[in-house]
Amino acid sequence: MPRRFCLTLIIALLWLPATHAAQAKQRVHVGYYEFPPYSYTDAHGQPSGSGLELTARLLEQAGYQAEFRSLPGARLYNDLRDGSVHLWPGAPGKTELSVHTLETRHTLGEIILNLYFRPGTPPPHLPEDLRGKGVILISGYSYWQTINQWLVDPALGITQHRTSNHDAALEMLQRRRADYLLNYQTPVEQAKQRLGIDELPYVQLQRVPLKLIVSRLAPNAEALRDALDHAYEELAASGEKLQLP
């Protein structure tokens, strides 16, 4: 066999695995918590929801592959801080994450946090009307600093009632197990439909934007953030609908 051919063959054999590795998409560990309809684990144990679908679409456009992992809120934040979760489609501005994460420029949508109460009850003046009252919370959900301070303020003396189920939370409120329900609007609307509840008054507390939050300890974190922003701009320019309902 000619020497030049042997050398060419060796180079080709060395080059092929490197080319395959370059073409393989980098996996991005995406953390989420159970927040239907945006992010949840379906009846077959698969990640689902409009927020996860959009996240996967943006990662694909950016040249990455999503690998989803459902986690409780506290564990999700911890894993973003230590880099074992690379990406979270969630709310920017969390004080406990600010020095540990990067945020994409583009907003994917927004969620609305309300304080619900029973029909016939006067709208509360906040936070004073929470004094000595019972408030239903969804386990694993987090809130902003002001609201967290209300919940633990000894001067208000709020009693917390926790449940992991939105239907159960509404039933607890209707059955007078507590005075108020603190919850996000979209999950409540879905639960109301399932339970056949028509009207439920509320006070709007916050409108929370949704972005992609990148751990600073993710591999090439800034490049990942920039690639996701670029992917959003490319898809938006092509006319693809990117805003969450």
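# Around helix H4

Strand S7 (109-116), strand S8 (134-138), strand S9 (159-163), strand S10 (180-184) and strand S11 (202-215) are among the elements that cover the buried residues of helix H4. Covering here rests on contact, meaning heavy atoms within 4.5 Å. Helices (H or I, at least four residues) and strands (E, at least two) are DSSP runs, numbered from the N terminus. Buried means under 20% relative accessible area, exposed means over 50%, and partly exposed lies in between (1.4 Å probe, protein chains only).

This is a predicted model, in which local features need pLDDT of at least 70 and side-chain atom pairs count only at pLDDT 80 or more, while totals for chains, interfaces and linings use all residues. Residues are numbered from 1 along each chain as its sequence is written, and side-chain values use heavy atoms, with hydrogens and water left out.

How confident is the predictor? pLDDT is its confidence in each residue, from 0 to 100. The mean pLDDT of the protein is 90, and 90% of the residues reach 70 or more.

Now return to H4. Which of its residues are buried? In this helix, residues 145-152, they are Ile 147, Trp 150 and Leu 151. Viewed down the axis of H4, these buried residues fall within an arc of 100 degrees, so they line one face of the helix. The arc is taken from the directions that run from the helix axis to the C-beta atoms. An α-helix has 3.6 residues a turn, so residues three or four places apart point the same way. Gln 145 and Val 152 are exposed, and they sit on the face of H4 turned away from its buried side.

Next come two of the covering strands. S8 has 5 of its 5 residues buried, so the rest of the structure largely encloses it. Gly 134, Ile 136 and Ile 138 point one way from S8, while Val 135 and Leu 137 point the other way. Two strands pair if DSSP finds at least two bridges between them. S8 and S9 run parallel, joined by 5 bridges. In that pairing, Val 135 stands opposite Gln 160 in S9. S8 and S10 also run parallel, joined by 2 bridges. Here Ile 136 stands opposite Leu 181 in S10.

Why is it called largely enclosed? Because 5 of the 5 residues of S10 are buried. Tyr 180, Leu 182 and Tyr 184 point one way, and Leu 181 and Asn 183 point the other way. S7 and S10 run antiparallel, with 4 bridges between them. Leu 115 has Leu 182 in S10 as its bridge partner.

Aromatic rings link several of these elements. Rings of Phe, Tyr and Trp (its six-membered ring) pair if their centres lie within 6.5 Å; planes under 30 degrees apart count as stacked, over 60 as edge-to-face and the rest as tilted. The whole structure holds 11 aromatic pairs. Tyr 116 and Tyr 202 form a tilted pair, 5.4 Å centre to centre, with 55 degrees between the planes. Tyr 116 is in strand S7 and Tyr 202 in strand S11, 86 residues apart. Tyr 116 is buried, at 1% relative accessibility. Tyr 202 is partly exposed, at 38%. The rings of Tyr 143 and Tyr 184 have centres 6.3 Å apart and planes at 20 degrees, so this pair is stacked. Tyr 143 lies in the loop between S8 and H4 and Tyr 184 in strand S10, so the pair ties together parts 41 residues apart in sequence. Both Tyr 143 and Tyr 184 are buried. They belong to one aromatic cluster, along with Tyr 33, Phe 35, Tyr 38, Tyr 77, Trp 88 and Tyr 141.

Thr 101 is found in strand S6 (residues 101-103). Buried or exposed? Thr 101 is buried, with a relative accessible area of 6%. Beyond its neighbours within four places in sequence, Thr 101 contacts Leu 80, Ile 213, Val 214, Ser 215 and Arg 216. Thr 107 lies in the loop between S6 and S7. Thr 107 is partly exposed, with a relative accessible area of 30%. Leaving aside neighbours within four places in sequence, Thr 107 contacts Pro 209, Leu 210, Lys 211, Tyr 232 and Gln 243.

Note on methods:
pLDDT is the predictor's confidence in each residue, from 0 to 100.
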